Amino acid sequence: MRITITVENPTPEALEKLLALAAMPAAVVTAVADERWTPERARSYYERLPPRAQQILLQVVEGDGECAADELKANGRSLRGSTGAFRRVLSEGKRTGLWPEALPAPLVSHVVGGQLKKLEVPGRGTEQYALPDFEEGLRDLLGGN
């Protein structure tokens with residue numbers, strides 16, 4: 001028998017009581033924090049971004065999880081204000097309970113000498129790497145797929 005229960009932002013006391021309740025003879029019970037991106041969350045996140053931030057996110061996903069700032073600024077496009085939307089939308093989603101508090105940022109900026117050099121999906125090679133979830137969640141919007 002396998003039972004899966006998802007509890008978002010449990011208090012330590014509630015988690016302890018839940019685990020005690022689930023402790024049955026010969027049962028293996030583990031608690032895993034809800035801190036992973038899913039294709040559904042990726043799509044929901046994308047849909048809440050302003051249009052320019054949506055374009056940037058798609059470029060990063062199409063670029064195998066990273067994109068140089070020069071590419072993002074091609075054809076005179078500005079990044080002013082666009083990158084802040086990534087953090088703002090994530091924070092708003094957490095505050096309103098749309099996403100769990102432990103959900104990591106899907107994009108990080110690499111700044112060298114005060115200049116933005118690239119944006120990338122963090123965690124390459126780890127379980128936290130969200131690129132596959134964004135590829136699946138945005139598949140219908142990605143060019144060539």
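Modeller: Lys-118 and Glu-66 form a salt bridge, with their closest N and O atoms 3.5 Å apart. This is a predicted model, in which local features need pLDDT of at least 70 and side-chain atom pairs count only at pLDDT 80 or more, while totals for chains, interfaces and linings use all residues. Residues are numbered from 1 along each chain as its sequence is written, and side-chain values use heavy atoms, with hydrogens and water left out.

Colleague: Why is the contact of Lys-118 with Glu-66 called a salt bridge?

Modeller: The term requires a side-chain nitrogen of Lys or Arg within 4 Å of a carboxyl oxygen of Asp or Glu, and the pair Lys-118 and Glu-66 has its closest N and O atoms 3.5 Å apart, so the pair meets the rule. Lys-118 lies in strand S3 and Glu-66 in strand S1, so the pair ties together parts that are 52 residues apart in sequence.

Colleague: What makes Lys-118 and Glu-66 partly exposed?

Modeller: Buried means under 20% relative accessible area and exposed over 50%, with partly exposed in between (1.4 Å probe, protein chains only); Lys-118 has 24% and Glu-66 has 33%, so both count as partly exposed.

Colleague: Which residues does the network of salt bridges join?

Modeller: Salt bridges that share partners join Asp-64, Glu-66, Lys-118, Glu-120 and Arg-124 into one network. Within it, the side chains of Asp-64 and Arg-124 meet at 3.7 Å, N to O.

Terms used. Helices (H or I, at least four residues) and strands (E, at least two) are DSSP runs, numbered from the N terminus.
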